[in-house]
Amino acid sequence: MKILVVGGGGREHAICWKLKNEKDVEKVYCAPGNAGIADSAECVDIKDSDIENLVKFAKDNAIDLTVVGPEVPLVMGIVDAFEKEGLRIFGPNKQCATFEGSKAFSKDFMIRNNIPTAKYKEYTDLDEAIAEIDSFGYPVVIKADGLAAGKGVVIPENREDAIKTLKEMMADKKFGEAGDKVVIEEFLTGIETSILAFVDNNTIVPMESAKDHKKVNNGEKGLNTGGMGTFSPSELWTEELANDIKVNVLDKTLKGFQNDGLDYRGILFVGIMITKEGIKVLEYNVRFGDPETQSVLFRLETDLSEIMNAVIDNRLSEVEIKYTDEQAICVMLTSGGYPEAYEKGKEITGLDKLDDEIVVFHSGTKMSDGKLVTNGGRVIGITAKAGTVAEAADKVYENIKRINFEGMHYRTDIGL
């Protein structure tokens with residue numbers, strides 16, 4: 001097979017890395033890719049949102065399978081465009097991508113299908129939202145309905161901050177059209193976790209668990225980020241919790257897809273809060289998480305291309321999906337100042353000094369004048385596996401000491 005991976009971050013690097021050496025894979029392309037992905041795939045200079053040219057590339061190069069990494073092209077309808085041209089593509093269609101494209105759509109689906117979630121209400125009128133904000137208590141969760149590059153969820157601690165947030169989203173258009181509608185939810189207290197699953201029309205198969213650390217500083221302090229590191233399996237995962245999530249979330253979600261006539265095929269990411277009252281679903285995403293993917297795919301033994309083709313053909317139940325017993329960790333190195341303002345173009349050194357068993361997944365890098373430089377907030381993920389997460393963490397942190405770029409920041413407590 002010739003495979004095209006759409007995207008250019010750490011998640012896509014992990015997907016390309018996994019596909020590269022699989023038995024049925026002849027060649028991997030990645031559009032647009034990044035400096036690190038170039039080691040696993042041939043990078044193609046097409047933006048992930050340029051659906052017309054991605055379709056043209058797939059046809060011109062006889063691509064057998066296209067894999068979509070990010071949510072934006074999925075919400076734009078890349079799957080529908082490819083399928084219209086008779087091209088095989090892995091990911092949910094435009095209608096199903098609304099589960100990530102609209103918070104209100106997801107919440108309505110959860111309530112109708114008796115899937116446990118926080119109480120909520122959606123608003124398109126700013127004055128009405130302000131008038132009713134106190135009824136949710138504080139802190140309160142305010143979400144821009146549409147896509148906001150992972151930044152559209154704010155948790156104000158008091159009425160004053162809540163009104164300020166509503167005005168920024170709905171009147172000032174801080175997140176553009178994403179804030180035309182907002183969802184206000186009660187704040188849930190508990191332990192946050194998530195699960196990734198492969199889904200076709202008949203089957204939903206959860207992957208191995210992973211724990212993501214969102215806060216920028218040690219001890220879950222500071223601002224929220226896209227993810228500072230992950231390890232797999234999660235220490236929270238028990239047989240009891242896995243069964244609870246299967247029965248009350250995954251099975252009900254699949255039944256809901258079927259009842260609504262949704263042709264959902266691809267990845268489903270479910271964000272979950274474990275509360276005193278039980279599990280509650282926070283959100284659905286329609287693609288691999290980042291950086292959860294870097295830990296989970298690192299442990300996947302079954303060929304990813306085999307699973308993806310089975311999903312497209314609605315025969316997921318026929319594939320035996322296996323993972324190594326070894327445990328994995330991925331620690332993100334980020335630009336100074338991230339997740340707020342940060343500078344790009346800082347030279348990265350030391351990657352040639354790492355142990356052979358360390359894998360580096362590039363999130364935000366590029367080549368400039370023959371040098372590898374930073375090109376994003378999250379720059380690279382340093383990844384390893386071992387008998388335990390703690391052993392894998394020791395390997396990763398020992399190797400991080402050899403890497404350097406100006407302003408480099410990372411957490412020192414991932415998996416420890």
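1. Asp 60 belongs to helix α2 (residues 51-60). Helices (H or I, at least four residues) and strands (E, at least two) are DSSP runs, numbered from the N terminus.

2. This is a predicted model, in which local features need pLDDT of at least 70 and side-chain atom pairs count only at pLDDT 80 or more, while totals for chains, interfaces and linings use all residues. Residues are numbered from 1 along each chain as its sequence is written, and side-chain values use heavy atoms, with hydrogens and water left out.

3. Asp 60 counts as exposed because its relative accessibility is 53%; exposed means over 50% relative accessible area, buried under 20%, and partly exposed in between (1.4 Å probe, protein chains only). Its C-alpha atom is separated by 39 Å from that of Tyr 338, 278 residues apart along the chain.

4. The open sheet has 5 strands in the order β3-β2-β1-β4-β5, with parallel pairing; two strands pair if DSSP finds at least two bridges between them. At the edges stand β3 (42-43) and β5 (89-90), each with a single partner strand, so one side of each has no neighbour in the sheet. Strand β4 (residues 65-68) runs parallel to β5 and is joined to it by 2 bridges. Val 67 has Phe 90 in β5 as its bridge partner.

5. Helix α1 (residues 10-20) packs on this sheet, touching β1 (2-7), β2 (27-32) and β4, and its direction makes about 170° with that of β1. Contact means heavy atoms within 4.5 Å; axes are lines fitted to C-alpha atoms, for helices over the stretch in contact, and angles run from 0 to 180 degrees between N-to-C directions. Helix α2 lies across β1, β2 and β4, at about 165° to β1.

6. Helix α1 is mostly covered, with 9 of its 11 residues buried. Among the buried residues are Gly 10, His 13 and Leu 19.
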